[in-house]
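Reader: Could you take me through the helices of this protein, and how they pack against one another? I would enjoy a close look at that one part.

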Amino acid sequence: MFFTFKGLPFFPETASTIAAHVDALYAFLVLISAFFSLLIAFLVVFFAVKYRKRSSGELPPDTNIAGHGAGLILEIVWTVIPLGLSMIMFVWGASIFFTESRPPADSMEIYVTGKQWMWKIQHMEGPREINELHIPVDRDIRLTMTSEDVIHDFFVPAFRTKADVLPGKYTTEWFRPTKIGQYHIFCAEYCGTKHSGMTGTVYVMNQDDYNAWLAAGSGEGSMAEQGQSLFNQLGCGNCHPSVINNNNGRCPNLHGLFGTSVDIKDGGRVRADESYIRESILYPDSKIVAGYDNIMPTFKGLISEEGMLKLVAYIRSLGPGSGTPTGAAPAAVQTSASAPQTPQQRRTNPQATTTPTGR
Ligand code: CUA
C-alpha cells in the first residue's frame, strides 16, 4: 500500500492483507483531523488578536454576511467541503468493512471458544490449543467463534482485525496473514477481573512447518471424527440417519444437509449453517423441518460449546458443501433448487441431488 506505518515503534506490525488498507484509512483520518484542529486553533488565536477591542467605547461594525453574495458562497463552501470529506471517509471505511466481513469461500476453518479468561482453539484436523493459534502464511483463515460465558472480542492488532465473541451464537472473523512470525492476541471487550490477561499468540508458519505441527497434534482424530463419536455417544444416530438414502421418516437425514436451504414447518426456509444446527440441537422446537414432528428433546446443558463445534464439524463433513461464510455468495443454496420439494419426497429421498463428499 502507498502508506504504511513501517518503522514507527508505536504501531503493531503489518502482517495481513487488510492491515495496510486499515492503516491508510487511519492515516487519512488522522491527517484530516490534525489539519482542521490546527487550522481552527490558529484561526481562534488569529481572530482574537486581529479583532480585539481597541478602545473602551468601540462598537463592532455590521458584519452580517449571511444569505447573499460572499456570505452565500462561504456557507456553500463550508458545507460542501466537509460533506465531501465525510463521504470519502464513509465510502472508504465501508469498503474495508465489507472486505473484512466477507470471508473468501475457500477459507481454512478454525473454531474459537472464548471463556473467562482464555481462548480455546480447535482445528478441523483435530489439534486443539489454548491461547495459541498456529496458522500457515498466505492462506485465508476463517474463525468461527463463540463464548462459554460472557462477551469477549478476538483481536489481533498485527492483522488489524477483531470481532466480538458472543455466548449463544457464532460470529466470524477472517484474515490472510502475509508474514511469518508471532503476533499478539488480545481480548478487546471487558469481560471480568482477568480480562487484561486474556491474551495469546498467533504463530504464522510456512506451509511445511504448519503441516508438521498439525501432524504432531492430530492424535485425537479430526474434529469431524470427534464430533461423530459425540454424535454416537449422545444417541443422535438412533433417530437421525447420516448415510445417503436411509430414512426412517421420524428424523431428518443429516447426510448432505450442511449449507443447503431447508423448508420449515410453519413456512419459510432456513439455511442449514452452523447457527441453525446449533439452534436445532439446543432448541429443537424452534424451527422444525417441514414434514416432521416435534419429537426431539433439547440437548441444552448436555453439550459444551466445544462439543457443539465438533458436532457441527461432523454434520458439515457429511456434505454437501463448504461452509457458509457470513455475507458471502450462498454457493450451496443452488443444490436445494432441484431437491425434492414435498415432505413425502423429502422423507423418501431427502437429498437426492447431492453427492456424498466424505472427508
Ligand atoms: Cu475476554 Cu475481555
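**How the helices pack**

Happy to. The protein has 359 residues, and 41% of them count as buried, where buried means under 20% relative accessible area with a 1.4 Å probe, protein chains only. Please keep in mind that this is a predicted model, in which local features need pLDDT of at least 70, side-chain atom pairs count only at pLDDT 80 or more, and totals for chains, interfaces and linings use all residues. Residues are numbered from 1 along each chain as its sequence is written, and side-chain values use heavy atoms, with hydrogens and water left out.

The protein holds eight helices and 12 strands; these are DSSP runs numbered from the N terminus, with helices being H or I of at least four residues and strands E of at least two.

Let us start with helix 1 and helix 2. Helix 1 has 32 residues and should span 46 Å at 1.5 Å a residue, which agrees with the 46 Å between its end C-alpha atoms; the expected span is 1.5 Å times one less than the number of residues. Helix 2, residues 70–101, also has 32 residues and reaches 46 Å from its first C-alpha to its last, close to the expected 46 Å. In helix 1, the residues A19, A20, D23, A24, L25, A27, F28 and I32 are buried, and helix 2 is included in what covers them. Helix 2 has G71, L85 and I96 as its buried residues, and these pack against helix 1 (19–50). Contact here means heavy atoms within 4.5 Å.

Now turn to helix 6, residues 305–317, which packs with helix 5, residues 274–282, at an angle of about 120 degrees, with the axes 10 Å apart. That angle makes helix 5 oblique to helix 6. Axes are lines fitted to C-alpha atoms, for helices over the stretch in contact, and angles run from 0 to 180 degrees between N-to-C directions; under 35 degrees counts as roughly parallel, over 145 as roughly antiparallel, 65 to 115 as roughly perpendicular and the rest as oblique. On the helix 5 side, E274, I277, R278, I281 and L282 meet E305, M308, L311, V312, I315 and R316 of helix 6.

Helix 6 also meets helix 4, residues 223–233: their axes come within 7 Å and cross at roughly 105 degrees, so helix 4 and helix 6 are roughly perpendicular to each other. Here M223, A224, Q226, G227, Q228, L230 and F231 in helix 4 meet G307, L309, K310, L311, A313, Y314 and S317 in helix 6.

Technical notes: Buried means under 20% relative accessible area, exposed over 50%, partly exposed in between (1.4 Å probe, protein chains only).
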